[in-house]
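Subject: Structure handover

Hello,

Here is the structure I promised to pass on. Please open it first, then read my notes alongside it.

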Amino acid sequence: MKKTVTVMTAAMLSVGLLAGCGAKNDTNGGNAGEGGASNEKVTLTVWGMGEEAKTLPKYADEFTKANPNIKVNVQALPWDQGHDKLLTAVASKKGPDVVQMGTSWVAEFADAGVLADLTPYVSQYPELNPDNFYAGSVTAGKYNDKYVSSPWYVETRVLFYRTDMLKSVGYDKAPATWDELSDAAEKLTKAGGKGKYGMSIDPKEQSLGFMFARQNGADWFTSDGKPNFNDPKFVEAISYINSFYQKGTTPKDLGIDIIPAFKEGIVPMFISGPWMIKLLQDQAPEIKDKWALAVLPKKENNKSVLGGSNLSIFEYSKNKDAAAKFVAFMSKPETQLKWMDDTSSLPAATSAWDNDKLKNDPNYQILGEQLKTAEPMPVLKSWAQIGDAYLKHFEVIYRSNADVKKEMDSFNEEAAKLMK
């Protein structure tokens with residue numbers, strides 16, 4: 001389980017682990033109207049996460065061309081290291097000026113007081129206005145009525161499937177219900193033979209269990225705000241996911257990356273987000289006409305997760321105005337459309353969806369349709385730890401076929417303690 005902000009030891013407060021990657025301050029600016037608004041040189045440090053962050057230097061260079069007095073240094077961090085790196089920044093009070101935040105992290109770090117309120121910058125940089133973005137992504141960027149994280153890009157999960165292989169087992173279109181998904185997976189597994197599966201369900205993706213529970217009509221919390229993860233409908237959803245592992249229609253350990261597995265027909269279906277479009281187009285051109293996207297199969301509903309990333313200003317930055325200017329640049333619809341072309345990430349700015357590509361491309365039409373029912377994860381400071389706890393209990397379920405109700409009872413008790 002990852003460490004939380006509240007259990008950082010006093011010893012860590014004196015550790016200068018991030019001294020080499022902290023903000024470099026060439027000005028005394030730090031409030032709205034200072035720093036980047038002057039002609040003095042400013043150097044911003046921006047932390048980006050994952051593969052997409054490797055594209056960020058291109059945009060940093062474009063920003064600097066338009067703002068020669070602001071240099072931007074980008075550090076790309078793997079997602080699995082970003083959380084702990086941020087914890088260390090909290091402890092040392094030395095970190096980036098701008099940081100990419102996974103939407104499920106915002107509450108935790110905002111509660112620690114290290115994400116600056118963006119509200120004072122909205123009048124100066126109207127691109128930051130919350131009215132410009134999807135309501136769900138704005139909700140994920142607020143904590144205790146403070147606007148601490150500006151929506152950058154959104155994502156939701158859809159079904160990727162091999163049209164040719166589904167057709168060979170009697171499906172001219174994607175499975176539309178839970179029952180059809182199970183049936184199609186069983187038929188594909190049987191047709192594929194040894195070492196082949198019907199679909200992949202990533203056991204390390206914490207959002208999937210909660211997403212399926214939501215589709216089954218489960219309420220994640222009781223009316224008085226207590227966790228409700230052992231509710232019968234929640235248990236039924238986890239049992240449904242577990243059935244794929246127990247029937248052998250999804251691998252417990254795939255052993256290879258999803259793209260070659262999809263290309264070779266080892267797993268003809270999987271659930272993922274828009275970033276996979278470009279990866280498949282680039283890495284599996286041989287099957288370009290043999291796959292498609294579909295909205296998720298339905299039980300009581302087919303709600304997906306609304307995720308993505310926001311951009312925040314580190315509270316300890318001494319260049320907050322320049323940082324706000326950079327965040328505003330990344331929030332422009334035209335910038336987000338360029339970012340989409342480079343990374344397949346969906347724009348958070350709603351006006352960007354008037355773009356012809358988003359309106360006419362069949363893949364983006366499916367994503368746009370799924371976004372209509374997508375909902376964000378809860379804005380709770382303990383949510384990252386709750387998600388980790390779920391994965392721990394789910395691993396027991398799918399690996400040993402443990403009693404789902406008992407395991408979810410245990411998880412619910414653990415979640416209740418984490419929420420105190």
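Start with Ala135. This residue counts as exposed, at 58% relative accessibility. The cut-off for exposed is over 50%. Ala135 sits in helix H6, which covers residues 135-140. Leu86 is 49 residues away from Ala135 along the chain, and their C-alpha atoms are separated by 26 Å.

Before you go further, keep in mind that this is a predicted model.

Asp131 is the next stop. It lies in the loop between helix H5 (119-122) and H6. Asp131 is exposed too, because its relative accessible area is 68% and the cut-off is over 50%. Gly387 is 256 residues from Asp131 along the chain, with 30 Å between the two C-alpha atoms.

**A buried threonine**

Now go to helix H14, residues 333-343, where you will find Thr335. Is Thr335 buried or exposed? Thr335 has a relative accessible area of 6%, so it is buried. The cut-off for buried is under 20%. Leaving aside residues up to four places away in sequence, Thr335 touches Tyr59, Phe329 and Met330.

After H14 comes Ser344, which has a positive phi, near 70 degrees.

**The three-stranded sheet**

Next, look at the open sheet of 3 strands. The order is S8-S7-S9, and the pairing is antiparallel. Strand S8 (269-272) and strand S9 (291-294) are the edge strands, each pairing on one side only. From one strand to the next, the twist averages 25 degrees. Helix H16 (residues 362-371) packs on this sheet and touches S7 and S9. The direction of H16 makes about 20 degrees with that of S9.

S7 covers residues 158-162 and runs antiparallel to S9, with 4 bridges joining them. How many residues of S7 are buried? The count is 5 of the 5, so S7 is largely enclosed by the rest of the structure.

**Strand S3**

Strand S3 (residues 98-102) is worth a separate look. Here too 5 of the 5 residues are buried, so S3 is largely enclosed by the rest of the structure. In a regular strand, side chains alternate between the two faces of the sheet. Both faces of S3 are covered. Val98, Gln100 and Gly102 are buried on one side, and Val99 and Met101 are buried on the other.

S3 has neighbours to trace. Strand S1 (residues 42-49) runs parallel to S3, joined by 2 bridges. Trp47 has Val99 of S3 as its bridge partner. Strand S10 (residues 305-313) runs antiparallel to S3, joined by 5 bridges. In S10, Ser312 stands opposite Val99.

- The largest cavity has a volume of about 50 Å³. Its lining is Ile201, Asp202, Pro203, Glu205, Leu208, Gly209, Ile241, Tyr245, Tyr390, Leu391 and Phe394. Helix H9 (206-215), helix H10 (232-247) and helix H17 (383-400) are the elements that give two or more residues to this lining. H17 gives the most, with 3 residues. By class, the lining of the largest cavity has 8 nonpolar, 1 polar and 2 charged residues.
- The second largest cavity has a volume of about 40 Å³. Thr103, Ser104, Ala140, Leu306, Pro376, Met377 and Pro378 line it. By class, that lining has 5 nonpolar, 2 polar and no charged residues.

Two of these lining residues lead back to elements named above. Ala140 lines the second largest cavity, and H6 covers residues 135-140. Leu306 is in the lining of the second largest cavity too, and S10 covers residues 305-313.

That is the handover.

Best wishes

Notes
Residues numbered from 1 in each chain as written. Predicted model: local features only at pLDDT ≥ 70, side-chain atom pairs only at ≥ 80, totals over all residues. Heavy atoms only, no water. Pairing = 2+ DSSP bridges. Axes fitted to C-alpha atoms, helices over the stretch in contact; angles between N-to-C directions. Contact = heavy atoms within 4.5 Å. 1 Å grid on protein atoms, 1.4 Å probe; cavity = no way out; pocket = protein on both sides within 12 Å on 5 of 7 lines; lining within 4 Å. Points joined across faces, edges and corners; volume = space filled by probe spheres on them. Nonpolar A, V, L, I, M, F, W, Y, C, P; charged D, E, K, R; others polar. Buried < 20%, exposed > 50% of the residue type's maximum accessible area, 1.4 Å probe, protein only.
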